[in-house]
Amino acid sequence: MVTLSPSLQARLTTPLLIGNVAVKSRVLQSPLSGVTDLVFRRLVRRYAPESMMYTEMVSATELHHVKQMPKIMEVDPNERPISIQLFDCRPDFMAEAARKAVEEGADTIDINMGCPVNKITKKGGGSSLLRQPKVAEAIVQEVVKAVHVPVTVKTRIGWNDEEIVILDFAKRMQDAGAQMITVHGRTRAQGYNGNARWEWIGRVKEVLSIPVIANGDIFSVEAAVQCLQQTGADGVMCSRGTLGYPFLVGEIDYFLKTGENLAPPTPIQRLECAKEHLQALWEYKGDRGIRQARKHMTWYAKGFVGAGQLRAELSLIESVQQGVDLIDRAIAQLVNGYEIIEENQLAIAQ
Ligand SMILES: Cc1cc2nc3c(=O)[nH]c(=O)nc-3n(C[C@H](O)[C@H](O)[C@H](O)COP(=O)(O)O)c2cc1C
């Protein structure tokens, strides 16, 4: 059980100001490649209507070469606030991409300076920018010049334990014109392993005047509150905790605003949500949506008897109907299971 101190609650119930964009929630849904498409964001927003959401990261080089806007950059005209995340190492391509992103409806432009994937870092993008602060500065400066919306940066604490550069790097990004910085409290070398080192996020907060968002290991309301208390950050960003659980951002947001916990979804509600997610992915992306849905479905199927078997089956679905049938069968079994428990309890009670 976690409680919110009155001072923390007072601080967190004011809007988050990202330049001239006021966001009425201090909980953000992170960009997740292969996950945070329009369909997923709609589900998250149902529970967290005021939160800032991010597209998957978009390559500025690819954008330069294609005629048609990629689907990952598509934004629903009603979904606000929304940030389009870009990555690359070329300031001119980034500026061009940012202009296109604003045309698509982005409220802010986020620059990815944290991705650890070799394919990206070898080309000078993502977390490799932590080792090229001058290039990183030039990117921010050019993007700021190119668009009228706020420009933000998402990064890590450093390349490895020998190169934890975040204090200097974050200041440079602020001086270059970034209006907010999100810090994932891991080094590039850590990947997604070990703990996020929130203590570094607290130090960043001490030296910057722009908002600092804490990211890494925010898997629950408790973790969010502990992180906000420990770091003094202006908000928290949820990532892996939302995989198969689009309720998390809303749960934390609700707690920060009211001091009360929402009832967590039951396994049946989670499966109903999985079914809706599957059907929407199919409608939005066709067969490719089904292939992408497999991983989502396995993330939803957790925390009840028979979940392992269901996960194995859902990871192989070839059609929307096959997935729907499997989920419906699991829901029916859960419903029957609950009846049995209730009957037993009734028997005991009698
Ligand atoms: C599947 C996956 C995809 C990700 N894609 C992106 C991305 O497109 N852009 C980005 O800035 N970070 C991306 N990240 C990093 C997360 O946004 C986040 O910084 C990281 O997972 C740490 O938070 P966590 O410990 O709560 O998961 C991704 C992470 C995962 C697991």
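The largest nonpolar core has 101 residues, and Ile 109 and Ile 252 make the most contacts inside it. A nonpolar core here is a set of buried Ala, Val, Leu, Ile, Met, Phe, Trp, Tyr and Cys residues joined through side-chain atoms within 4.5 Å; buried means under 20% relative accessible area (1.4 Å probe, protein chains only). Domain 1 (6-258) and domain 2 (267-349) each supply at least three residues to this core. Apart from it lies another core, of 10 residues, including Ile 18, Val 23, Leu 28 and Tyr 54. In soluble globular proteins, nonpolar side chains tend to be buried together.

The model is predicted: local features need pLDDT of at least 70 and side-chain atom pairs pLDDT 80 or more, whereas totals for chains, interfaces and linings use all residues. Residues are numbered from 1 along each chain as its sequence is written, and side-chain values use heavy atoms, with hydrogens and water left out.

Beyond its neighbours within four places in sequence, Ile 252 is in contact (heavy atoms within 4.5 Å) with Val 27, Ile 218, Ser 220, Val 221, Ala 224, Val 236 and Cys 238.

The chain is divided into domain 1 and domain 2, with bounds from an automatic or database domain assignment.

The ligand is surrounded by 17 residues, each with a heavy atom within 4 Å of it; the closest are Ser 33, Gln 85, Lys 154, Asn 215 and Arg 240. Ligand oxygen atoms lie 2.5 Å from a side-chain N or O atom of Asn 215, 2.6 Å from one of Arg 240, and 2.9 Å from a polar backbone atom of Asp 217. The protein covers 89% of the 610 Å² of accessible area (Shrake-Rupley method, 1.4 Å probe) that the ligand has on its own.

Key
A polar contact is a pair of N or O atoms within 3.5 Å; within protein, one must be able to donate a hydrogen and the other to accept it, and residues adjacent in sequence count only if both atoms are side-chain atoms. Buried means under 20% relative accessible area, exposed over 50%, partly exposed in between (1.4 Å probe, protein chains only).
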